[in-house]
Amino acid sequence: MLLFKNSFIKIRKSLGRFFSLIFIVALGSAFFAGVRETSSDMIRTTDAYYDTYALMDFRIVSTMGLTEDDVASLQELSNVDKVVPGYSFETVVNGDATKIYGYLEDINRVSLVEGRYLENENEILVERGTYNIGDTITLEADALDFVKGTTYTVVGIADSPMYIYENKGISTVSDGKLDTFMYILPSNFTLEYYTEVYLTAKDS
């Protein structure tokens, strides 16, 4: 009883210090609870975003290219849910190291920000913040090793689930750092092989 009495006396004599300590403890507890809950919320939000746009679980590439036989072999794996072959190549567009993909509807779907999706072979989707609807994009002549034509009209601006960070990774052209990405119809590609195969796993 005497201990409690002395405690109340000390609190009364130093109310400012007492309330400061209470405030510091409350602030620390609130911060800890917020950080702890935010982590799980971020994981759930990211997972939902990836599921919505069917982000791949695995990407298989080969310097020699991938064939229909490779795709068939991958489809025989027991834990594979979806196997989708695709095309891409890297080039320099207006000084930027650019990766151009064949647009796929059933995996790695883009989120359209403005404009519309691709309908014709002379149309292209670009990354948000790079070009405007109606702009004309002319690829370097070496692009003809991969695609039919070099001139495309921007019809849509999009975000890609494959690139959610400002740093998009490495590139085999220009200064070695990938600057942006674009999408054209797969029918534009003239390659006799696939450049990559995307996989999703069952129950992932």
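The lining of the largest pocket comprises 16 nonpolar, nine polar and five charged residues. In this division Ala, Val, Leu, Ile, Met, Phe, Trp, Tyr, Cys and Pro count as nonpolar, Asp, Glu, Lys and Arg as charged, and the others, Gly among them, as polar. The model is predicted, and totals for linings use all residues, whereas local features need pLDDT of at least 70 and side-chain atom pairs count only at pLDDT 80 or more. Residues are numbered from 1 along each chain as its sequence is written, and side-chain values use heavy atoms, without hydrogens and water.

A pocket is here an open set of points, on a 1 Å grid over the protein atoms alone, where a 1.4 Å probe fits and protein lies on both sides within 12 Å along at least five of seven lines; lining residues have an atom within 4 Å of a point. The largest pocket holds about 670 Å³ of space, a volume being the space filled by probe spheres set on the points, which are joined across faces, edges and corners. Its lining has 30 residues, and R59, V61, E90, K99 and E196 are the closest to the centre. Two or more lining residues come from each of β1 (58-66), β3 (88-93), β4 (96-102) and β10 (194-201); strands are DSSP runs of E, at least two residues, and helices runs of H or I, at least four, numbered from the N terminus. The largest share, five residues, belongs to β1.

The second largest pocket has a volume of about 230 Å³. Among its 13 lining residues, D51, L55, D57, T200 and S204 lie nearest the centre. Here α2 (15-52), β2 (80-86) and β10 each give two or more residues, and α2 gives the most, with three. This lining divides into five nonpolar, two polar and six charged residues.
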